[in-house]
Amino acid sequence: MRNLLVICLLGAQLTGTPLFAQNEISGETPVKKEKESLVADNDIVFRLFGKTREDLFSNYLHITRSEQTEFTEALMQYENEKAPFTEERIALLRLYNEKFQSVDEQMMTELTKSIIKNDKEFVSLQIRYYRRMIKLLGSNRAAMFFQLDNYLELSSRLYIQDGLPFIKELETDRKLAVARLQTDIH
């Protein structure tokens, strides 16, 4: 479990929300049309959990009927304000995905700095909404809200991270490790 958390955190920090898969046979990097929209994160959440974000939040936080309208409004505002960060991650990762074979040191530095900046700004948004959720739900359920939000975010990132090509040497090391495993099995 601890290793999975480390993998999730590393994937989240290094890549944001990647939305691309590489075809290992041909080396192509097709962009899945179904994942390009802002609904992509919700699509992934639905694929992974069989429910929408709103349903997951409402059930997990035990949102009452009297809280539902105000909570839904706050959640939608949060998701709308979160959308530009997701769009920026998509653009950065699209650039990486299209050019991963020829990424030089300067470009990798700029991409990494941009992703880290995006993550910092996203955390600032979470802090602002945490205060709002405390007023709306109380401290415990506000903490639960962000625990679930972070879990969904990391799950989505990890789901898509699996399809992103590794940075040069890491990819070579991974292929060697897979080859060794296959040799050991046979």
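These exercises look at aromatic contacts in a predicted model.

**Exercise 1.** How many aromatic pairs does the structure hold, and what is the geometry of Phe49 and Tyr151?

Solution. 
- The structure holds nine aromatic pairs.
- The ring centres of Phe49 and Tyr151 lie 5.9 Å apart, and their planes meet at 55°.
- Planes under 30 degrees apart count as stacked, and over 60 as edge-to-face.
- The Phe49 and Tyr151 pair is therefore tilted.

**Exercise 2.** Classify the pair of Phe57 and Phe145, then locate both residues.

Solution. 
- The ring centres of Phe57 and Phe145 are 4.5 Å apart, with the planes at 25°.
- Stacked pairs have planes under 30 degrees apart, so Phe57 and Phe145 are stacked.
- Phe57 sits in helix 3 (residues 53-61) and Phe145 in helix 6.
- The pair links distant parts of the chain, 88 residues apart.
- Phe57 and Phe145 are both buried.

**Exercise 3.** Which residues form one aromatic cluster with Phe57 and Phe145?

Solution. 
- The cluster also holds Phe71, Tyr78, Tyr129, Tyr130 and Phe146.

**Exercise 4.** Where does Arg89 lie relative to Phe122?

Solution. 
- Arg89 lies over the face of Phe122.
- The distance to the ring centre is 5.4 Å.

Methods: Residues are numbered from 1 along each chain as its sequence is written. This is a predicted model: local features need pLDDT of at least 70, side-chain atom pairs count only at pLDDT 80 or more; totals for chains, interfaces and linings use all residues. Side-chain values use heavy atoms; hydrogens and water are left out. Rings of Phe, Tyr and Trp (its six-membered ring) pair if their centres lie within 6.5 Å; planes under 30 degrees apart count as stacked, over 60 as edge-to-face and the rest as tilted. Helices (H or I, at least four residues) and strands (E, at least two) are DSSP runs, numbered from the N terminus. Buried means under 20% relative accessible area, exposed over 50%, partly exposed in between (1.4 Å probe, protein chains only). A charge sits over a ring if NZ of Lys or CZ of Arg is within 6 Å of the ring centre and within 35 degrees of the ring normal.
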